[in-house]
Amino acid sequence: MSFFRINRRKCDIPVQISDLIITVSFKERKGTGMYKAKEDRYEKMRYFRTGKSGLMLPAVSLGLWHNFGDTGVYSNMEQMCFTAFDNGITHFDLANNYGPKEGSAESNFGQILKEHLMPYRDELIISTKAGYGMWPGPYGDWGSRKYLLASLDQSLKRLGLDYVDIFYHHRMDPDTPLEETMGALAQAVTSGKALYAGLSNYDGPTLEKAEAILKDLHVPFVINQNSYNIFNRTVEKNGLKDTSAKLGKGIISFSPLAQGLLTNRYLDGIPEDSRIRTDGRFLREEQVTEEKLAQIRGLNELAAERGQTLAEMALAWILRDGIVTSVLIGASRPSQILDNIKAVENTQFTAEELIRIDELSGNAEAV
Ligand SMILES: NC(=O)c1ccc[n+]([C@@H]2O[C@H](COP(=O)([O-])OP(=O)(O)OC[C@H]3O[C@@H](n4cnc5c(N)ncnc54)[C@H](OP(=O)(O)O)[C@@H]3O)[C@@H](O)[C@H]2O)c1
């Protein structure tokens, strides 16, 4: 018999046309390019307990603040997520306002989940936050119950999820009673829309008050998200690091590479494809002073002596004392993720190296 056999996914459709048998396969956009995670994805990454909770986080987590918004390249976003997960990065961090435009990072990640990562949902820790300006009017900012719960519903819709693993209040609100904001986090958990609660950008004394309220409400509050890196020692000075350890809570350190300054990115000028040039909202050219460059060069030399890149050493430094659960990196390409995860191979520092890092970074008084 003569026919064309058309393979469309699993159905073969015989079509009698000539004496030839030809197999035509249709490539469907969705389905055929489905990502499959590497079998050995858990072999190299280290996982640390989040404070005294049951939640383990990878030593390196991936944040989607930059390069995942509408100005990013979707195929690059996909590849960064695949590279991360293939190498044991199980934690992806978002916020309602990540973009630009606000919300677009959640929408793009939601699309990647839908197309590729949903089969691995139970292997993923996905977090989001509310606390910065998100929509116009008095209900789209800060820490009211109205804002937090509406925002979480919006985030879930954009992500295409029934729940997030961690829901954070994004920043302290000096005007809303702490009881109200913490009550909203409690509601997020009891409604099943978040598994754990987190606080971001809190200081030590406010953390302590918030923790007492959350404890009364039986909320699984497990983690603080704060900026911490070789240059920025705020959490050592405002009591957050000590209080968090005392209370048995985890810390995830954001901008651990000082947005790229603690890498080789700016050693020879400002590249056109760097954050300073492609975005410029949060890291600006004037921050790369001669003094800062001299510090970066010195740190880069020390990293080389340790057999690490500067990025690796900067991340290892944060993980050095076992207090910080995870470093929350950003990336503009998959190769940066591969470089950064090597940090976990050596997080030991000699006392002399630690002193040199403090001196080189202008933090000698912190010793
Ligand atoms: N809670 C909060 O208030 C808050 C605030 C800020 C951030 N965050 C979270 O923290 C995450 C990370 O923040 P971040 O993006 O500022 O982190 P970061 O890791 O300090 O900086 C990331 C940038 O550094 C550069 N980079 C990364 N690895 C590199 C490498 N190996 N070699 C050379 N350059 C490298 C890339 O810049 P180029 O683009 O120049 O390549 C990348 O975009 C965010 O995505 C977000 O989830 C939270």
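pLDDT is the predictor's confidence in each residue, on a scale from 0 to 100. This structure is a predicted model. Its chain averages a pLDDT of 92. At least 70 is the score for 90% of the residues. One stretch is another matter: over residues 1–32, pLDDT stays under 50. For that stretch the model has 32 contacts beyond four places in sequence.

**Around the ligand**

The shell around the ligand holds 30 residues. Gly63, Trp65, Phe254, Gly260 and Gly330 come nearest. Two elements give two or more residues each to this shell: strand S13 (326–329) and helix H11. The largest share comes from H11, with 3 residues. By class, the shell divides as follows.

| Class in the ligand shell | Residues |
|---|---|
| Nonpolar | 10 residues |
| Polar | 16 residues |

**Ile341 in helix H11**

Helix H11 covers residues 334–341, and Ile341 is found in it. Is Ile341 buried or exposed? Ile341 is buried, because 24 other C-beta atoms lie within 10 Å, and the cut-off for a buried residue is 20 or more.

Which residues does Ile341 touch, leaving aside those up to four places away in sequence? They are Met45, Val60 and Asn87. A further pairing involves Glu312, which is 29 residues from Ile341 along the chain. The C-alpha atoms of Ile341 and Glu312 are separated by 7.5 Å.

In short, helix H11 contains the buried Ile341 and gives the largest share of the ligand shell.

Conventions:
Residues numbered from 1 in each chain as written. Predicted model: local features only at pLDDT ≥ 70, side-chain atom pairs only at ≥ 80, totals over all residues. Helix = DSSP H or I, 4+ residues; strand = E, 2+ residues; numbered from the N terminus. Buried ≥ 20, exposed ≤ 12 C-beta atoms within 10 Å, placed from the backbone. Contact = placed C-beta atoms within 7 Å. Near = placed C-beta within 6 Å. Nonpolar A, V, L, I, M, F, W, Y, C, P; charged D, E, K, R; others polar.
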